[in-house]
Amino acid sequence: MIIAIDGPAASGKGTLARRVAAAMNYAYLDTGLLYRATGAKVLALGGDPDDVDMAVMAAEKLQPEDLENEDLRREEVGNAASRVAAIPKVRAVLLDFQRHLAKNPPGGKHGAVLDGRDIGTVVCPDAPIKFFLTASVAERANRRFKQLQEKNPAVIYERVLNELEERDARDSARDIAPLKMADHAIHIDTDRLNADAVFNAVMAHIRTHMGEDD
Ligand code: CDP
Ligand code: CDP
């Protein structure tokens, strides 16, 4: 059983996916972390995230511990992530890992929840349940601003907003696996919904789907 959750930056994918995975006792994979860790590795080497050879090497050399770095949440790492994410060979390297994990959830679990940009369209096009979260850019920038502010009180709202808009535009316009709602995905506009309301709505859809399968 695979549940796909896609959407633009700070739409609430990770918060939702983590809770759904816990409620269902499924594995959770934050696929954005793979791109963030790849981008962070290139930056740490003093490289340019648009440098194809370096980005591919960084993706190929990813280790599980690379995903645990606190700095991966920073907006400049998000920017580097979306640059390496536009490189087809980087996506190919990371795709195998994502598909393998989706089909073989660790810990003997019976399912997996994956969140990202292309889970429903490319990584797991056969996933039986797909969600696509959206919210206005102002609301999403506000959410991300609050998250970043907890770690760094000096963060500037306008910069967060600009970086988020730039990243969304790049993620939507790229040729390979662009951010796009999959056919038959359930669209949830979260603008005026808190995380609990989104979770409850999503769990209701999942229960209906599971009931239909019995
Ligand atoms: O993973 P993604 O970037 O899509 O978003 P997130 O990091 O899960 O969520 C961004 C922030 O929005 C978190 O602080 C959430 O608590 C908050 N939030 C949410 O997830 N869902 C809502 N409906 C409203 C706020
Ligand atoms: O949490 P947030 O939504 O801000 O970003 P993320 O999910 O951690 O993803 C960071 C970047 O990785 C995105 O801006 C995309 O460029 C890329 N990404 C992707 O291309 N495909 C995915 N399945 C997940 C992330």
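Let's start with a stretch that the UniProt record flags: an unreviewed entry puts a "binding site" annotation on Gly-7, Pro-8, Ala-9, Ala-10, Ser-11, Gly-12, Lys-13, Gly-14 and Thr-15. UniProt positions follow the numbering used here, feature names are shortened, and annotations may be inferred rather than shown by experiment. Keep in mind that this is a predicted model, where local features need pLDDT of at least 70, side-chain atom pairs count only at pLDDT 80 or more, and totals for chains, interfaces and linings use all residues. Residues are numbered from 1 along each chain as its sequence is written, while chains are lettered from A and ligands numbered from 1 in the order in which they are written.

Two of the annotated residues are worth a look. Ala-10 sits in the loop between strand S1 (2–6) and H1, and Gly-12 belongs to the loop between S1 and H1. (Helices are DSSP runs of H or I with at least four residues, strands are E runs of at least two, and both are numbered from the N terminus.) Ala-10 counts as buried because it has 26 C-beta neighbours inside 10 Å; Gly-12 is buried too, with 23 other C-beta atoms within 10 Å. The cut-offs are 20 or more other C-beta atoms within 10 Å for buried, 12 or fewer for exposed, and in between for partly exposed, with C-beta atoms placed from the backbone.

Beyond neighbours within four places in sequence, Ala-10 is in contact (C-beta atoms, placed from the backbone, within 7 Å) with Arg-140, Arg-143, Arg-144 and Leu-164.

Now for ligand 1. It is surrounded by 15 residues, the closest being Gly-12, Lys-13, Gly-14, Thr-15 and Arg-143; to count, a residue's C-beta atom, placed from the backbone, must lie within 6 Å. H1 (13–24), H7 (137–151) and H9 (195–213) each supply at least two residues of this shell, and H1 has the largest share, three residues. The shell divides into five nonpolar, eight polar and two charged residues. Here Ala, Val, Leu, Ile, Met, Phe, Trp, Tyr, Cys and Pro count as nonpolar, Asp, Glu, Lys and Arg as charged, and the others, Gly among them, as polar.

Ligand 2 has 16 residues around it, and the closest are Gly-32, Tyr-35, Ser-82, Ala-85 and Gly-116. At least two shell residues come from each of H2 (32–44), H4 (75–84) and H8 (157–173). This shell divides into five nonpolar, six polar and five charged residues.

Conventions: Two residues are in contact if their C-beta atoms, placed from the backbone, lie within 7 Å.
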